Amino acid sequence: MNGAAYVRSAGVVLGGALGLTVANSSLIPLAVPLFTVFVLAGVAVSELMSPRPSRSGQSTAHLTARDVDAYLPPGSRARLRWLGLAVLATVPVIAVQMGTGEVTWSGDYDTGGAVLRLTPTAVILAGWWLLARHLLRRIAEAGRAGLDPQHLAADEAWRRRASRLVLGATGVLLSGTLAGGMFCYSQRHWVIFLGGWGWWMFVLSALALSAFLVFTHYLHLLIDPGPAGVVSIGTRREPAEAVA
């Protein structure tokens, strides 16, 4: 891994550790927002450290619309939508169960209060979802710079890397929220029943581990999205002639 990858990894580790710590306190509504801030901060800092493709100096406009899916793994956006639906269907249920049981880690409040405390999580995840969609469109639709084959190849590599970085960050935030919520709830279930277990505990743990496997998939994509697409000075060529 290069330095930028270590920075992104540090953002995930610090954000995850802080989020899980806060989830065991009365500040539980801030768990996911803090996790999100650290992950995205790591991505932002790593991008400032990463080189950009050099430009040939001759800007060109593309005549055909590019599809966002061309720069992402096949079917990745559909899988991300299913993951978003899983978070939307599961996290509110977990919040209600954790907030209205016999033993609570986040204070005594009713079902309405449990759902209300999800507002910071809903706002920050929905905000990033909309921003990620905008970023993917901007990456795909941005004009090229020059017709040099070397620069064109570097430009394609950069678009693919940037798109996968957005995809990885979105997947980490959604699957991390899902896995963290399930792990916290399974631990709470164990505490309530005084160390007892059973099929319900087994199912919860299996679902939490499944969500964690999804998290590791997107974490790999976030840490290693692909080459930056930099053209070295020694390999630059003169801009190619435009074909009529």
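Buried means under 20% relative accessible area, exposed means over 50%, and partly exposed lies in between, using a 1.4 Å probe and protein chains only. Keep that in mind for what follows.

This is a predicted model, where local features need pLDDT of at least 70 and side-chain atom pairs count only at pLDDT 80 or more, while totals for chains, interfaces and linings use all residues. Residues are numbered from 1 along each chain as its sequence is written, and side-chain values use heavy atoms, leaving out hydrogens and water.

First, the overall layout. The chain has 7 helices and 2 strands, taken as DSSP runs numbered from the N terminus: helices are H or I with at least four residues, strands are E with at least two. Starting at the N terminus, the order is α-α-β-α-α-α-β-α-α. The chain has 244 residues, and 43% of them count as buried.

Next, the salt bridge, meaning a side-chain nitrogen of Lys or Arg within 4 Å of a carboxyl oxygen of Asp or Glu. The structure holds 1. Arg161 pairs with Glu47, with the closest N and O atoms 2.9 Å apart. The two are 114 residues apart and link distant parts of the chain: Arg161 sits in helix 6 (residues 149-192), Glu47 in helix 2 (residues 31-49). Are these residues buried or exposed? Arg161 is buried, at 5% relative accessible area. Glu47 counts as buried too, at 15%.

Last, helix 7. Its buried residues include Leu204, Ala208, Ala211 and Phe215. An α-helix has 3.6 residues a turn, so residues three or four places apart point the same way.
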